[in-house]
Amino acid sequence: MKAGTGPLLSTLLGLLFLSIQGTGGVNPGVVARITDKGLAYAAKEGLVALQRELYKITLPDFSGDFKIKAVGRGQYEFHSLEIQNCELRGSSLKLLPGQGLSLAISDSSIGVRGKWKVRKSFL
């Protein structure tokens with residue numbers, strides 16, 4: 001390919017796409033066949049990506065009140081929370097016709113580390 005034909009080629013392709021868009025009311029979409037093996041691969045790779053993203057999440061601090069019959073009322077606080085470990089084991093990715101994909105995760109756990117405080121007044 002000679003130097004200078006790149007802009008000419010891209011211009012011709014652009015004109016071709018513009019002329020095709022208005023033809024005959026055809027739906028310009030993509031048709032693809034998704035197999036169970038492909039869904040299993042997507043689920044596996046999706047879990048790896050989800051696990052990577054979970055480690056980046058900053059968990060919010062939270063606090064509240066509690067009441068236990070024998071002990072009475074008190075307050076709790078959780079802060080500086082971070083995800084320590086994440087094990088996403090069982091997943092199921094299903095195709096929902098006309099809607100998209102459905103991902104279900106089971107038999108999994110997430111370990112969180114942080115600081116906490118509980119206050120109880122005895123007087």
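## Salt bridges across the loops

D107 counts as exposed, with a relative accessibility of 55% (exposed means over 50% relative accessible area, buried under 20%, and partly exposed in between, with a 1.4 Å probe and protein chains only). Salt bridges that share partners join D107, R89 and E87 into one network, a salt bridge being a side-chain nitrogen of Lys or Arg within 4 Å of a carboxyl oxygen of Asp or Glu. Within it, the side chains of R89 and D107 meet at 3.7 Å, N to O. R89 lies in the loop between β2 and β3 (90–96) and D107 in the loop between β4 (100–106) and β5, so the pair ties together parts that are 18 residues apart in sequence.

## Basis of the model

This is a predicted model, in which local features need pLDDT of at least 70 and side-chain atom pairs count only at pLDDT 80 or more, while totals for chains, interfaces and linings use all residues. Residues are numbered from 1 along each chain as its sequence is written, and side-chain values use heavy atoms, with hydrogens and water left out.

## Elements and core

The protein chain has two helices and five strands, taken as DSSP runs numbered from the N terminus (helices H or I, at least four residues; strands E, at least two). Of its 123 residues, 11% count as buried.

The largest nonpolar core consists of five residues, L47, L54, I83, C86 and L88, where such a core is a set of buried Ala, Val, Leu, Ile, Met, Phe, Trp, Tyr and Cys residues joined through side-chain atoms within 4.5 Å. Helix α2 (36–56) and strand β2 (72–87) each supply at least two residues of this core.
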